[in-house]
Amino acid sequence: MNVVCIGTGYVGINTAAALAYIGHSVCGVDIDEHKINLLKSHKAPISEAGLDELLSQKMNLTFTTCLEDCVNTADVIFIAVGTPSLPNGHANLSYVMSAAEDIANSLMPIHDVTIVVKSTVPVGVNSMIERQIRDKVTMRCGSDALLHFSSNPEFLREGMALSDTFYPDRFVFGTEDDKAYQMLTTLFAPIIDQTFEPPAFVEMPDPRPKTQCIHTDAISAEMIKYASNVFLALKISYANEIAGLVEKLGGNMDDISRGMGMDKRIAPYFLKSGLGWGGSCFPKDSLALLSMAKDYDYQMPIVQAAVDVNERQKTRLIQKVIDKLHILPGRRIAILGLSFKPRTDDVRNSPSVDIAKELVRRQAIVTVHDPQGLDNARVIYKNEGFIFCTDPIEAAQNADAIIITTDWAEYKNIDWKDMAKAVKTPFLFDARNLLRNELDKVKDFVYIGM
Ligand SMILES: NC(=O)c1ccc[n+]([C@@H]2O[C@H](COP(=O)([O-])OP(=O)(O)OC[C@H]3O[C@@H](n4cnc5c(N)ncnc54)[C@H](O)[C@@H]3O)[C@@H](O)[C@H]2O)c1
């Protein structure tokens, strides 16, 4: 099939490349010329395991900044642009609506076309997009009979994006249009049935999973996405709330999480205590869900509590630092980790960055390091007063304290003896409990977990 993917960010590029790999002819469209130029030279604009290798395969994958170049040969058009938060918590729909507008202005349906919203959008937005495109196309072309629409929310995890795209737990197809449903199940058939040749450079779960499909209406599909993401955020906040009590009463939170997770009904994931959740999805999706509810005068105290507990984790960490250092102005503090989680260079809405910013606000001298996110951070946070360091030991030089804010595996393997020699005072705040079970490695430090 001919596929167009509007937006070549974390979701768009992984989707586009995987669909090309399984044999479709795919065109990725983005308004960001720099990204498109990189992609045209087979370079990934983001750091994601296996993506560079995938982009260098021989396949039918092209890129453009001009939607008109490819829209009229497309069988399926994905909208995979961002939906960040507005200051009031609502999702900013300007990018999805502008992508819809671009489709509406350039599409001349001469054969069946299915338009699919992959972006995470609030309930009702799929139907708004459908109305906008249908009305405009009808006005221009006289008929909208060949247009089909579906919601198809995305569940990939950054850092595992390709693995999740090739081996997803489930597909959600939200449409009441049989033709759209048929198109999507045909498009994804090799992934649904797991009949494609596994790419060697993409991690495959063992055993190779069975992918489930659920066919719903668009509203349910939209809500499945929000309800799922916010449930995961809530699980982390619950673990953090328990960890706060464990800190007072005693006990080992890792054992407690493990013990809880052995119950199939609970499952072991998202129970790790620490600095809390962040990134470009959980924070914005929880705020968007709260905003949706507020618009309809509905309270969601559980979701609100998850957000509040998550914010409290940052305050708890700062308080732990103050308890040891007493004053912050002039203190030199090394932040290890800027990405919101390991294996990604995504530093958007990262709790690590919030901590670094708060320390700068309190007049500490803040050195920062990240194995993959430094380049992005240098651009996005260039005016925040951070001192960017390419090596953890450089960040630790003469520091009054080190804080591990992202649980990069690399940080486990630092020579902590050398780090101890580099610092001025050996306070190690492990906000991700990365070394909690390997205290031998950091025995030269006063170790403070979360
Ligand atoms: N990042 C994730 O882990 C993840 C996972 C699941 C779902 N999602 C959802 O998927 C959507 C996309 O997320 P992302 O992280 O890939 O975003 P992103 O910010 O990484 O990428 C969005 C891309 O869209 C481009 N764009 C914006 N407007 C455009 C337009 N009119 N035409 C063409 N390109 C345009 C931007 O230049 C950017 O490259 C969001 O709604 C997000 O919530 C993200």
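**A loop, then a helix**

Reply: M204 counts as partly exposed because 14 other C-beta atoms lie within 10 Å of its own. On this scale a residue is buried with 20 or more other C-beta atoms within 10 Å, exposed with 12 or fewer, and partly exposed in between, the C-beta atoms being placed from the backbone. The structure is a predicted model, in which local features need pLDDT of at least 70, side-chain atom pairs count only at pLDDT 80 or more, and totals for chains, interfaces and linings use all residues. Residue numbers start from 1 along each chain as its sequence is written.

M204 sits in the loop between α8 and β8. Helices (H or I, at least four residues) and strands (E, at least two) are DSSP runs, numbered from the N terminus. Here α8 covers 189–192 and β8 covers 212–216. Not counting residues up to four places away in sequence, M204 touches Y167 and P198; contact means that the C-beta atoms, placed from the backbone, lie within 7 Å. The C-alpha atoms of M204 and S163 are 6.3 Å apart in space, although the two residues are 41 apart in sequence.

Q194 lies in the loop, and its phi is near 55°, a positive value in a residue other than glycine. With 14 other C-beta atoms within 10 Å, Q194 is partly exposed. P207 lies in the loop between α8 and β8 as well, and the peptide bond from D206 to P207 is cis, with omega near 0°.

Phi of A267 is about 70°, and the residue is not a glycine. A267 is exposed, because 12 other C-beta atoms lie within 10 Å.

Helix α11 (residues 282–295) leads on to a helix pair. It packs against α12 (residues 301–325) at an angle of about 145°, with the axes 10 Å apart. The axes are lines fitted to C-alpha atoms, for helices over the stretch in contact, and angles run from 0 to 180 degrees between N-to-C directions. The crossing of the two is left-handed, that is, the near helix is turned anticlockwise from the far one by less than a right angle (clockwise would be right-handed). S286, L289 and L290 supply the α11 side of the contact, and V303, Q304, A306 and V307 the α12 side.

P84 and K284 are 200 residues apart in sequence, yet 6.4 Å apart in space, C-alpha to C-alpha. P84 is found in the loop between β4 (76–79) and α4. With residues up to four places away left out, P84 touches N92 and K284. P84 is partly exposed because it has 14 C-beta neighbours inside 10 Å.

Helix α12 has 25 residues and reaches 36 Å from first C-alpha to last, close to the 36 Å expected at 1.5 Å a residue; the expected span is 1.5 Å times one less than the number of residues. Its buried residues are V303, A306, V307, V309, N310, Q313, L317 and V321. An α-helix has 3.6 residues a turn, so residues three or four places apart point the same way. The buried residues of α12 pack against α9 (218–249), α11, α13 (351–361), β12 (401–404) and β13 (427–430). Just after α12, H326 takes a positive phi of about 65°.

The largest nonpolar core has 122 residues, and V4, I6, A17, I77, I402 and I403 have the most contacts inside it. Such a core is a set of buried Ala, Val, Leu, Ile, Met, Phe, Trp, Tyr and Cys residues joined through C-beta atoms within 7 Å. Apart from its neighbours within four places in sequence, I6 is in contact with V29, L67, I77, F78, I79, A80, V81 and A99.

Definitions and conventions
Two residues are in contact if their C-beta atoms, placed from the backbone, lie within 7 Å.
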